[in-house]
Amino acid sequence: MKVSYKWLKQYLDLNMPAKDLAEKIERTAVEVDSVEVAEDGLKKLVVGHILSMTKHPESDHLHVCQVDVGEDEPLQIVCGAPNVDVDQKVIVALPNSRIGGNVKIKRSKMRGIESSGMICALDEIGFSKDVVPKEWADGIYVFDDDVPVGEPIYKYLGMDDPIIDLDVTPNRGDMLSILGTVHDLAAIYDQKPEIKKPVVNEDESLDANQIIQASADDKLAKTYKLRVVEGVKIAPSPSWLQIVLWNAGIRPINNVVDVTNYILLKYGQPLHSFDKDKIDGEITVRMAAKGEKLTTLDEEERELSTDDMVIADKNKPIALAGVMGGFNTQIDDQTTNVVIESAIFDSFKIRKTAQRHNLHSEASQRFERGINPDGVQDAVDEAVSMIKELAGGQIAKGTVTASEYHPELPTIFITAERTNHVLGTSLSTDEIKNIFDRLGFSSETHEDGLNVTIPARRWDIFRDADLYEEVARIYGYDNLPATLPTGRQSIGVLTPTQKLQRASRIALEGLGLTQAISYSLTTPEKAKMFLMQDSFETNLLWPMTQDHSVLRMNMLSGLLDDVAYNHAHKVDDVALYETGRVFYKDSAEQIRPKEVEHIAGVITGNLTDPLWNNHVKPVDFFQLKGIVNQFLINLGVKGDIEYSATDQYPEMHPGRTANISIHGHNVGFLGQIHPRIAKKFKIKETYGFELNMQELIDLPKNDDQYQAISKYPSIKRDISIVVGQDVSNSQILEVMTKRGGAFLKRVRLFDVYQGENVPEGKKSMAYSLTYVDPRETLKDEVVNTAFEKIKKRLTADLNAEIR
Amino acid sequence: MSLRDQLTEIKEKGLADIEQTSDLKTLNDIRVHLLGKKGPITAALRGIKELTPEERPEVGSYANKIRDAITEAVADHREKLENQALNAQLTSEKIDVTMPGKPVTQGQPHVIQQIIDQIVDLFLGMGYEVLSGPEVEEDKYNFEMMNLPKNHPARDMQDTFYISKEILMRTQTSPMQARALEKHDFSKGPLKMISPGIVYRRDTDDPTHSHQFHQVEGLFIDEHVTMADLKGTLITMAQNIFGDKFDIRLRPSYFPFTEPSVEVDVTCFNCMGKGCDVCKHTGWIEVLGAGMVHPNVLDMAGVDSKKYGGFAFGVGPDRFAMLKYGVDDIRDFYLDDVRFLNQFSKRGN
Ligand SMILES: [Zn+2]
C-alpha cells in the first residue's frame, strides 16, 4: 500500500522527515518497502505557458513553440507531441535540466531550429505508464489554467509528496487504508485524529429502492449495499484527485471511477460502479453457472467456474464479485446514472477466484484480508457525496441493502500480571490501559484486570495473545528487557545417534573427504540409480522443473552431479562425502516414503597434489576401500567387516565393486562407477561408496573395554604362495585364520605379483604372519608347527604352491 | 732416566699423539697401543723389579695415574672427534625448509554444517535437546497444527511441493514444534529443543532463492518463559555466531503460529550499523523470525496454554552463512564446487 505522507498529515500532526516516520512504522506496525519522493533526482522543471506556435519548416509533425517560463524572454522549444497547442500550461524541462531516467536536457537544434529545452509528457519525468491518465498517455501533460508560470512543477503534480510503501502482513488488512494507517499512527504518536462522518445530501424525489433491487446470499456477501446517483456527467477528475490516485499507483479514469478508487484508498473498502442503464432487472450475488462467460474491464473474456462468485442481473453476470467489474456495465462517457456497490465478500472465494484468473486487484487484495464492517456504509455514503460534487447529479434517497452484518465486538479480559508474565515487562494496569486508549480500544477495569472492547476496524484481534502483541509493539520492543530464562533446569546433550553422526562426519573429513550438500529432489532417472533396496519412486505433484521432480533413493547420484560440476569447472581432483536422507517406498500405493539416513562418498583424480616429494597415483578401488574401511573401524561397529565382489549394481563396474557387510549385515557397497554412467555424467574415472547410516547406527558397537598388550615378544613368519588367479585374498585369509592356531595374531598381504616366474593364470601372493602368546614367550617350535599346518592347508584347500 | 721419568715421557708423548689424532680408528689404535700388554707402559714397568720395595708402590700408583690420564684424554678426544663428525654430517644434511611439506588429506565440514553445529553447540550449552524430524511431512504438522488451517491466506506466502493432498515436503522446520509439544512430558521439566534440517519451497532457483535450504527451529516452553527471555536468547545467539559487537532489534511481524510475532534484525555486517547499501541505509539486516508460541498451537498439541507458554524461533543457516561470509548466491551452497567448500576451513568457532 502506497501511503501519501501529505494525506496522513490531514489527520495527524506529523513533523518528522518521512524516512523517520517510515522507520517508526517499521518498528511498530508493518514493514516498509520504500520511501520515495518523485521529484528526487529531477532538476529545473517548471511550468511553461505556450505563447505562440508555428509549424516546423522541415517537419510535418514538429512544432516550434515560444514558451513563457517566467523569465524576461520566452524560450523557443521544438515539440513533437500531437496534442501541443497555444495557450497550454505545460511541463518545461529548461536547458541543463534533468528529467526521468537521469536524462540531461541541453540546448540543441532540431532539424536546424534551435530548441532551448523540452516540453514533457508525464512518463518522461518519471511517471509509470500504468498510472498516466489515458488523456495524457500519448502526448504532453497540460496543467489547469490557474497554475503559475515559471514555478517548479512538482507540487502541482504531487511529486513533492513522500510516498511510503507499506508491506502489509496478512493479519493487518486494516493497514491497507489511509484511515487504518491513521489509527495506528495515532496510537504510536499518542494523538487523537478527527475523522468526520460523511454527510449525504439526498434527493427526496428519488428512491434508491425503487430504482434498483438487489438480493444476496449472506454466505457469499455478509454485507451487500447499493446506492444510486442519477444525472451525472462523466469527465476527467480534478487534478487533486488524479494526483492522489497516481501517487497510490492507480490510473485515473473518470470522475466516478476515480471516486470509488479514492474511497478504496481512504477506507480500505473496495467499491464498484455500474452504469445503471446497462443493468437488466434485479442485481444478485451468486455463484457463476457452468459455461458462463464474462468480459472483465480489462476487456478479457473469461470462462467462469462454478467456484467463481459473480454479480449478475436478470440476464447475465455483470462483475466478477470483489475482483473486477464487467465490461458490459462499465461507466463510459455517456453514462448518466450510476449504481455504487459497497460490500463484504467471502474472503476465501475471492482469493480462489483471484488465483484462478490471475487477477490480483486492489479490491481482491483487500477482500482477501478482510474489510472493516463498520466502514461499508460510510464508504458508500462518502462516495455518492463526492460523485455529486465532482460529476453532478442527484443522490437517490436511501441505500439498497441486500445483506448486512454488524459483528458483536469482542471483549477480552486481560490482567497486568498475565501481560507481564508473557512479555517479561513490569507494566501497571494503568500503563496498559493507556496503551489501549491510544489504540482507541475502550477498556474498563474489572476485578484485577481490564475488559477491553475491540473496535470492528481491528478484526485481527480476538484473544488475549493478540492484545499482548498490541501492548508489546506500542510499548516498544526496544523497551523490552533482555533476559535469559530462569526456572527449571535441563541438560543439553547429543543422543548417542547424534554423537555417532557427528563422529562419522569428522572421521570422513579426517580421511580427506569434504562435506557436500546436494539436492534431495532430482530427476526420475537419477533418483533410482544405485538402489540398495527395491523401492518405488516418490514424485512431486507439481514440480517446478524435471530436474527436481523425484525424491532421491540414493546419495551417490547427487555426488556425481557435484563431480560433474567440478569437472566442468576444470577441477579434476574431487573427494566429497554427503550425509542425508534417501526416500524409499515399498509399494506404488504407499504415499509417504520412509526416510533412511545414508552416507556416501566419491573420489576421483588425485587425493593430494603431486609435488616434488609426493609422487601421487590417481585414486583407485583400494584407495577408496582404505578410506571406507578406516571409517567403519572408527565407528566401532562390532564384528568383522567383510567385502564380497558384486555385480548387482548396474551403475557400478561389475568387476570392481564390493558389497560391505558387518557381522553378516549388509551395510552398503563401494567400487568404481560404471564407465557408461561416468560418461553419462561427463565425469572421469570415479570411485564411490554408499552406506546405510541408519544400519550403522543401529548395529551393536564394540564394548568399552580394552585388551592388555602382550608383554611377550611376537614371532614373524613370511610365506609366499602361488595360487590360481581366481583364488581371492579373502579365501586365503579364511584358511590362514581358521587353521592358523591360537597364537596367530595378524596376517598382512605385502606383495602380489604376476609375470615372469609365475605361470599363466596364476599369481604369487606374499603374506607376513605375526604370532603372539599373551601369557608367555612363544617358542619357535610352537610357531613352526602352526606355520606348517597353514602351508599344508593352503596346498590342500586352495591348490597353492608354497615358495 | 728414572723409571718415573720414563713414565712421564710416555705420558707426554702419548697425550701429544692423542691430541693430534684426527680419526677415531687411529685414536683407538693409540689407546690400545699405550694401555695394552705390549705397550710402552707395560714395558717400562718391567724395570720396577730394580726398585726398592719401598719405592715400588709409589711408582705403581704413578703408572695407574698415567693410565687414567690417557684413558680420560682418549675419551675426551673421542667425544671431540665425534662432535666434529656429527657437526660435519649435520652441515651436509642441511635442507631448504621453505619447500612444501608432504601433502596429507583433510576434508572440511560444509559451511552450512558449520553454522548449524555452532548453533547446536550453543543451545546444547543452554540445556536444549536436539531433535530431528521427517522431511516428507503431513499437512497436519506442517500447516494445520501450526495454526495454518486449509484456506489460510498465509499459506500463499509459502509455495509448497505436494506429494499428495495431505503429504508434502516440509516448508519449514516449525512442524517439529508440534511434534515436540505432542510428545513432551512437562512433569519431567521444560521443553527446550532445537531442530536443524532441510526444508523445501516451490521456488525457482536464483541468487536469493533455492528450492532446498536449511532451517533451525528453536522452542522453549515452560510455566514462565517471557518475550524478554526470547530477546535475551536471540542476542546471545547473534553474538555467539557473529561476534560480540553485534546487537539485535525486534520488529512486529506476522506468523500464524506465534503471537506476538517479530522479525529479528541484526547489526549490518557490512557497515556495523552505520548504514550502507547492503542494509538499505538502516544499519540493520533481517535474519530470522520469532515470537511467543500461539496458544492455539499449544492447545492443538494437547498442552494447556493457560499453564504453559514460551517462545519459538526459526533461523536460516543459509542466510547466516551468506551474511557472515558475504556469499552472494545461495546456489553456491548446493553446487559443491570443492574450491568453494574448502575456503571455509573449520577454525573451531
Ligand atoms: Zn549496512
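For the metal site I took as donors N, O and S atoms within 2.8 Å of the metal (3.2 Å for Na, K and Ca), and since water is not among the atoms, sites may look incomplete. The model is predicted, so local features need pLDDT of at least 70 and side-chain atom pairs count only at pLDDT 80 or more, while totals for chains, interfaces and linings use all residues. Residues are numbered from 1 along each chain as its sequence is written, chains are lettered from A and ligands numbered from 1 in the order written, and side-chain values use heavy atoms, without hydrogens and water.

Zinc entry. I found the zinc ion coordinated through SG by Cys268(B), Cys271(B), Cys276(B) and Cys279(B), at 2.3 Å. The donor atoms subtend angles of 102 to 112 degrees, which makes the arrangement tetrahedral (four donors, all angles between 85 and 135 degrees). The donor residues follow the spacing C-x2-C-x4-C-x2-C in sequence. I also noted that Cys268(B) and Cys279(B) are both buried (under 20% relative accessible area, 1.4 Å probe, protein chains only).

Interface entry. The contact (heavy atoms within 4.5 Å) takes 102 residues from chain B and 86 from chain A. I looked up the salt bridges (a side-chain nitrogen of Lys or Arg within 4 Å of a carboxyl oxygen of Asp or Glu), and the rule finds nine across the interface of chain B and chain A. I also recorded a salt bridge between the side chains of Asp222(B) and Arg488(A), at 2.7 Å, N to O.

Methods
Tetrahedral: all angles 85-135°; square planar, octahedral: opposite > 155°, others 65-115°. Buried < 20%, exposed > 50% of the residue type's maximum accessible area, 1.4 Å probe, protein only.
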